[in-house]
Amino acid sequence: MIIELDFNSDEALYIQLRNQIILGIATTRLKEGDALPSVRQLAETIGINMHTVNKAYTVLKQEGYVKVDRRKGAVIAVDIDKMRAMEDMKKELRVLLARGSCKNISREEVHALIDEIYEDYGGLE
């Protein structure tokens with residue numbers, strides 16, 4: 001698993017790590033049942049504090065992307081609660097689309113962006 005963090009970014013490292021893991025799931029580099037490195041291993045590999053990795057794993061667990069297995073540690077386990085995911089996405093999209101509307105971005109341009117991004121995830125429909 002390749003993790004790329006920007007230590008100069010204003011975005012918190014645990015959020016960057018969380019996002020990298022979510023992108024790994026979306027692009028199928030990480031699959032259901034795959035074990036993530038231990039907190040200690042990942043912290044040492046990418047050169048960050050163990051508490052930062054632990055916080056990212058905790059957030060991923062709360063959001064339904066991983067579960068904690070006593071033998072394997074953190075394991076990819078995508079939440080099947082689609083309705084909750086759709087509501088969360090709707091809230092986030094509402095603001096993003098309002099911002100785009102303020103910048104005169106058309107519906108067609110938004111749809112093209114969505115299609116382009118979904119292509120990165122294997123053309124999910």
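Helices here are DSSP runs (H or I, at least four residues), strands are runs of E (at least two), and both are numbered from the N terminus. The model is predicted: local features need pLDDT of at least 70, side-chain atom pairs count only at pLDDT 80 or more, and totals for chains, interfaces and linings use all residues. Residues are numbered from 1 along each chain as its sequence is written, and side-chain values use heavy atoms, with hydrogens and water left out.

**Surface patches**

The nonpolar patch covers about 520 Å². Its members are Met89, Leu93, Leu96, Leu97, Ile114 and Tyr118. H4 provides the largest share, four residues. Patch residues have over 30% relative accessible area and no salt bridge; nonpolar side chains (Val, Leu, Ile, Met, Phe, Trp, Tyr) are joined within 5 Å, like charges within 9 Å. Areas come from the Shrake-Rupley method with a 1.4 Å probe, and for residues only the protein chains shown count as cover.

Aspartate 115 sits in helix H5.

**The salt bridge**

The structure has one salt bridge. Glutamate 63 pairs with arginine 18, and their closest N and O atoms are 2.8 Å apart. Glutamate 63 lies in the loop between helix H3 (50-62) and strand E1 (66-69), while arginine 18 lies in helix H1 (residues 13-26), so the pair ties together parts 45 residues apart in sequence. The term needs a side-chain nitrogen of Lys or Arg within 4 Å of a carboxyl oxygen of Asp or Glu.

**Exposure of selected residues**

Buried means under 20% relative accessible area, exposed over 50%, and partly exposed in between (1.4 Å probe, protein chains only).

| Residue | Relative accessible area | Class |
|---|---|---|
| Arginine 18 | 18% | buried |
| Glutamate 63 | 30% | partly exposed |
| Alanine 12 | 32% | partly exposed |
| Leucine 96 | 47% | partly exposed |
| Aspartate 115 | 51% | exposed |

Leucine 96 belongs to helix H4. Alanine 12 lies in the segment before H1. The C-alpha atoms of alanine 12 and alanine 35 are separated by 24 Å, and these residues are 23 residues apart along the chain.
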